[in-house]
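Open the model in a viewer and keep the sequence panel beside it. The stops below say what to select and what is there.

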Amino acid sequence: MTNTINETINPKESVLFIYGNLNEVARQFADMLQYCKRNNLHVVDVFFETSGIKSYENDCMNKLLDYLKHNKTKQAVVFYSRKTYLKYVDISKLLPFMQSGQIELRFAKDNVILGH
């Protein structure tokens, strides 16, 4: 039996996860694109929310989780900073993906990588 994840790993793929008001999202997006360019990461999808935390928690995170469940390649999930990530993201939802080696979390502003 073969391990499908190992056969399709592309450590250069990334997805961006952005939230905030419209101006924050635009600024974070620009900064995160520069981070990805510096680190040779190819952005394959972007998840963003501009309408508030309740909507973000229910919609944006669910879209990211659904994406990760259906995409078996290794992904770098890029957040803007650890501070905002820890404040608004339920890490328990991403732990199974980290533990299986499917994702690594990257924080563009802090230049930190978890799970690689």
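How many salt bridges does a search of the whole structure find? The search finds 2 salt bridges. Keep in mind throughout that this is a predicted model.

**Stop 1: the two charged pairs**

Select D110 and R82. They form a salt bridge, and their closest N and O atoms are 3.5 Å apart. D110 sits in the loop between β4 (103–107) and β5 (112–114), while R82 belongs to helix α4 (residues 82–88), so the pair ties together parts that are 28 residues apart in sequence. Colour by accessibility and D110 comes out as partly exposed, at 28% relative accessible area. R82 is partly exposed too, at 38%.

Next select E104 and R106. This is a salt bridge with closest N and O atoms 2.7 Å apart. Here E104 is buried, with a relative accessible area of 6%, and R106 is buried at 10%. As background, side chains of opposite charge can pair when their charged atoms come close.

**Stop 2: the nonpolar core**

Show side chains for L64, F79, L94 and L105. These have the most contacts inside the largest nonpolar core, which has 21 residues. To see where the core comes from, select β1 (13–19), α3 (53–70), β3 (75–79), α5 (95–99) and β4: these are the elements that give two or more residues to it. Which element provides the largest share of this core? That is α3, with 6 residues. In soluble globular proteins, nonpolar side chains tend to be buried together.

Centre the view on L105. Not counting residues up to four places away in sequence, L105 touches V77, F79, Y85, L94, M98, V112, I113 and L114. Another core lies apart from the largest one; it has 11 residues, including L16, M32, A76 and Y80.

**Stop 3**

Move to Q28, in helix α2 (residues 22–38). Is Q28 buried or exposed? Its relative accessibility is 8%, so Q28 counts as buried, the cut-off being under 20%. With neighbours within four places in sequence left aside, Q28 is in contact with I18, Y19 and Y80.

The structure holds 1 cavity of 30 Å³ or more, and the largest cavity has a volume of about 30 Å³. Select F17, Y19, Q28, F79, Y80 and T84 to show the residues that line the largest cavity.

**Stop 4: two asparagines with positive phi**

Select N40, in the loop between α2 and β2 (42–49). Phi of N40 is near 55°, a positive value in a residue other than glycine. N40 is exposed, with a relative accessible area of 55%.

Then go to N111, in the loop between β4 and β5. N111 is not a glycine either, and its phi is positive at about 55°. N111 is exposed, with a relative accessible area of 56%. The loop between β4 and β5 also holds D110 from the first stop.

**Stop 5: cysteines**

Last, select C36 and C60. C36 is buried, at 1% relative accessibility, and C60 is buried at 1%. How many disulfides does the structure hold? The structure holds 0 disulfides.

Terms used. Residues are numbered from 1 along each chain as its sequence is written. This is a predicted model: local features need pLDDT of at least 70, side-chain atom pairs count only at pLDDT 80 or more; totals for chains, interfaces and linings use all residues. Side-chain values use heavy atoms; hydrogens and water are left out. A disulfide is a pair of cysteine sulfur atoms within 2.5 Å. Buried means under 20% relative accessible area, exposed over 50%, partly exposed in between (1.4 Å probe, protein chains only). A salt bridge is a side-chain nitrogen of Lys or Arg within 4 Å of a carboxyl oxygen of Asp or Glu. Helices (H or I, at least four residues) and strands (E, at least two) are DSSP runs, numbered from the N terminus. A nonpolar core is a set of buried Ala, Val, Leu, Ile, Met, Phe, Trp, Tyr and Cys residues joined through side-chain atoms within 4.5 Å. Contact means heavy atoms within 4.5 Å. On a 1 Å grid over the protein atoms alone, a cavity is a set of points where a 1.4 Å probe fits but cannot get out, and a pocket is an open set with protein on both sides within 12 Å along at least five of seven lines; lining residues have an atom within 4 Å of a point. Grid points are joined across faces, edges and corners, and a volume is the space filled by probe spheres set on the points.
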